Amino acid sequence: QGQLVESGGGLVQAGGSLRLSCAASGRTFSNYAMGWFRQAPGKEREFVAEISKTGGSTYYADSVKGRFTISRDGAKNTVYLQMNALKPEDTAVYYCAARRTYYTGIFDYWGQGTQVTVSS
């Protein structure tokens, strides 16, 4: 059984930055594509970004493109989400997830989430 644990959330002013981490344990996620999602109060969970198994391919939701960067460190079994130029509308619980095939298929593993709050 694998486990994903997010960290790095917090309160930041608009225009600020945060880096989220997603540490994997219980199995090696190097053979999995990794993604970030978020869910704001009263809204459905939405896709944010995904990175391929090798880290060579990434894609982003239009709402975060140019501001957020997803990366991964295989040696640490960790995925990151660097968030810059944060806006109040980025406020949400952020989740990381893993699936076997990049860009398609079901995400098999989910973390419990970390809260990001952006004040105006």
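Colleague: Going by the DSSP runs, with helices as H or I over at least four residues and strands as E over at least two, numbered from the N terminus, which strand does Gln-13 lie in?

Modeller: Gln-13 lies in strand 2, which covers residues 10-13. Please keep in mind that this is a predicted model, in which local features need pLDDT of at least 70 and side-chain atom pairs count only at pLDDT 80 or more, while totals for chains, interfaces and linings use all residues. Residues are numbered from 1 along each chain as its sequence is written, and side-chain values use heavy atoms, with hydrogens and water left out.

Colleague: Fine. Is Gln-13 buried or exposed?

Modeller: Gln-13 counts as exposed, because its relative accessibility is 60%; the scheme takes under 20% relative accessible area as buried, over 50% as exposed and anything in between as partly exposed, with a 1.4 Å probe and protein chains only.

Colleague: And what is Gln-13 in contact with, leaving aside its neighbours within four places in sequence?

Modeller: With those neighbours set aside, Gln-13 is in contact with Val-118 and Ser-119, where contact means heavy atoms within 4.5 Å.

Colleague: Where does Thr-91 lie?

Modeller: Thr-91 lies in the loop between strand 8 (78-83) and strand 9 (92-99), and Thr-91 is buried because its relative accessible area is 19%. Not counting residues up to four places away in sequence, Thr-91 touches Ala-40, Gln-115, Val-116, Thr-117 and Val-118.

Colleague: Switching to the sheet: what order do the 4 strands of the open sheet have?

Modeller: The order is 1-3-8-7, with antiparallel pairing, and two strands pair if DSSP finds at least two bridges between them. The edge strands, each of which pairs on one side only, are strand 1 (3-7) and strand 7 (68-73). Neighbouring strands of this sheet are turned by 15 degrees against each other on average, direction ignored; the axes are lines fitted to C-alpha atoms, for helices over the stretch in contact, and angles run from 0 to 180 degrees between N-to-C directions.

Colleague: How many bridges join strand 1 to strand 3?

Modeller: There are 5 bridges between strand 1 and strand 3 (residues 18-25), and these strands run antiparallel. Val-5 stands opposite Ala-23 of strand 3, and the bridge partner of Gln-3 in that strand is Ser-25. Further on, strand 3 and strand 8 are antiparallel and joined by 6 bridges, with Cys-22 standing opposite Val-79 in strand 8.

Colleague: New topic: how many aromatic pairs does the structure hold?

Modeller: The structure holds 11 of them. Rings of Phe, Tyr and Trp (its six-membered ring) pair if their centres lie within 6.5 Å, and planes under 30 degrees apart count as stacked, over 60 as edge-to-face and the rest as tilted. The Phe-29 and Tyr-32 pair is tilted, because the ring centres are 5.2 Å apart and the planes stand at 55 degrees; both residues are buried. Phe-37 and Phe-47 have ring centres 5.7 Å apart and planes at 80 degrees, so this pair is edge-to-face.

Colleague: Which cluster do ring pairs build around Phe-37 and Phe-47?

Modeller: Ring pairs link Phe-37, Phe-47, Tyr-59, Tyr-102, Tyr-103, Phe-107 and Trp-110 into a cluster. Over the ring of Trp-110 sits the charged end of Arg-45, 4.6 Å from the ring centre, and the charged end of Arg-45 also sits over the ring of Tyr-95, 4.0 Å from its centre. That wording requires NZ of Lys or CZ of Arg within 6 Å of the ring centre and within 35 degrees of the ring normal.
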